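Let us read a model together, one feature at a time. Each question takes up one feature, and the reply goes from the idea to the case.

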Amino acid sequence: MAIEKKWIVSLKGRDYPLWAGILDDATRKGLKSLTTTVIQLPIEENGMLAVVMARAEFEDGRVFEDVGDCSPKSTTPQLAA
């Protein structure tokens, strides 16, 4: 299975899946739960750096975890606002 075309947008000549499409595809592939844990809140003292861990569990027992971060220095001004 692939992400349906209705969930794909084209930006600057490249195709990207929308979040709804990724979630739809994962659900069809057995996603059982998706949770996030905030590791660090963005505050002035840490340069407004947010850190979050995500965990996806599937019906067949597979588990995927990853950590992401974002700050005004690591993103576009539009997103930082």
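Q: Is Arg 55 buried, partly exposed or exposed?
A: Buried means under 20% relative accessible area, exposed means over 50%, and partly exposed lies in between (1.4 Å probe, protein chains only). Arg 55 counts as partly exposed because its relative accessibility is 27%.

Q: What kind of model is this, and how are residues numbered?
A: This is a predicted model, where local features need pLDDT of at least 70 and side-chain atom pairs count only at pLDDT 80 or more, while totals for chains, interfaces and linings use all residues. Residues are numbered from 1 along each chain as its sequence is written, and side-chain values use heavy atoms, leaving out hydrogens and water.

Q: With which residue does Arg 55 form a salt bridge?
A: Side chains of opposite charge can pair when their charged atoms come close. A salt bridge here is a side-chain nitrogen of Lys or Arg within 4 Å of a carboxyl oxygen of Asp or Glu. Arg 55 forms one with Glu 65, and the closest N and O atoms are 2.5 Å apart. The pair links distant parts of the chain: Arg 55 is in strand 4 and Glu 65 in strand 5, 10 residues apart. Glu 65 counts as partly exposed, because its relative accessibility is 45%.

Q: How many salt bridges does the whole structure hold?
A: A search finds 7. One of them joins the side chains of Asp 60 and Arg 62, at 2.9 Å from N to O. Asp 60 is exposed at 55% relative accessibility. Arg 62 is partly exposed, with a relative accessible area of 35%.

Q: Which residue pairs with Arg 28 in a salt bridge?
A: Asp 24 does, with the closest N and O atoms 3.1 Å apart. Arg 28 and Asp 24 are separated by about one helical turn, because they are 4 residues apart in helix 1. Arg 28 is partly exposed at 33%. Asp 24 is partly exposed at 26%. There is also a network of salt bridges, which links Asp 24, Asp 25, Arg 28 and Lys 29.

Q: What order do the strands of the open sheet have?
A: Strands of a sheet pair through backbone hydrogen bonds, either parallel or antiparallel. Helices (H or I, at least four residues) and strands (E, at least two) are DSSP runs, numbered from the N terminus. Two strands pair if DSSP finds at least two bridges between them. This open sheet has 3 strands in the order 3-4-5, with antiparallel pairing. Strand 3 (31-40) and strand 5 (63-70) are the edge strands, each pairing on one side only. From one strand to the next, the twist averages 15°.

Q: Over how many bridges do strand 3 and strand 4 pair?
A: They pair over 8 bridges, in the antiparallel sense; strand 4 covers residues 50-58. Thr 36 stands opposite Ala 54 in strand 4.

Q: Which strands does helix 1 touch?
A: Contact means heavy atoms within 4.5 Å. Axes are lines fitted to C-alpha atoms, for helices over the stretch in contact, and angles run from 0 to 180 degrees between N-to-C directions. Helix 1 packs on the sheet and touches strand 3 and strand 4. The direction of helix 1 makes about 130° with that of strand 3.

Q: Which residues form the nonpolar patch on the surface?
A: Patches are made of residues with over 30% relative accessible area and no salt bridge; like charges are joined within 9 Å, and nonpolar side chains (Val, Leu, Ile, Met, Phe, Trp, Tyr) within 5 Å. Areas come from the Shrake-Rupley method with a 1.4 Å probe, and for residues only the protein chains shown count as cover. Trp 19, Ile 22, Leu 23 and Leu 34 form the patch, with about 370 Å² of accessible area together. Helix 1 (residues 19-28) gives the largest share, 3 residues. Leu 23 lies in helix 1, and is partly exposed at 31% relative accessibility.

Q: What is the phi of Lys 12?
A: Most residues other than glycine have a negative phi, and most peptide bonds are trans. Phi of Lys 12 is near 50°, a positive value in a residue other than glycine. Lys 12 sits in the loop between strand 1 (8-11) and strand 2. At 89% relative accessibility, Lys 12 is exposed.

Q: Where does Met 48 lie?
A: Met 48 is in the loop between strand 3 and strand 4. Its phi is also positive, near 60°.

Q: Is Ser 71 buried or exposed?
A: Ser 71 is buried, because its relative accessible area is 10%. Leaving out residues up to four places away in sequence, Ser 71 touches Gly 47, Met 48 and Leu 49.
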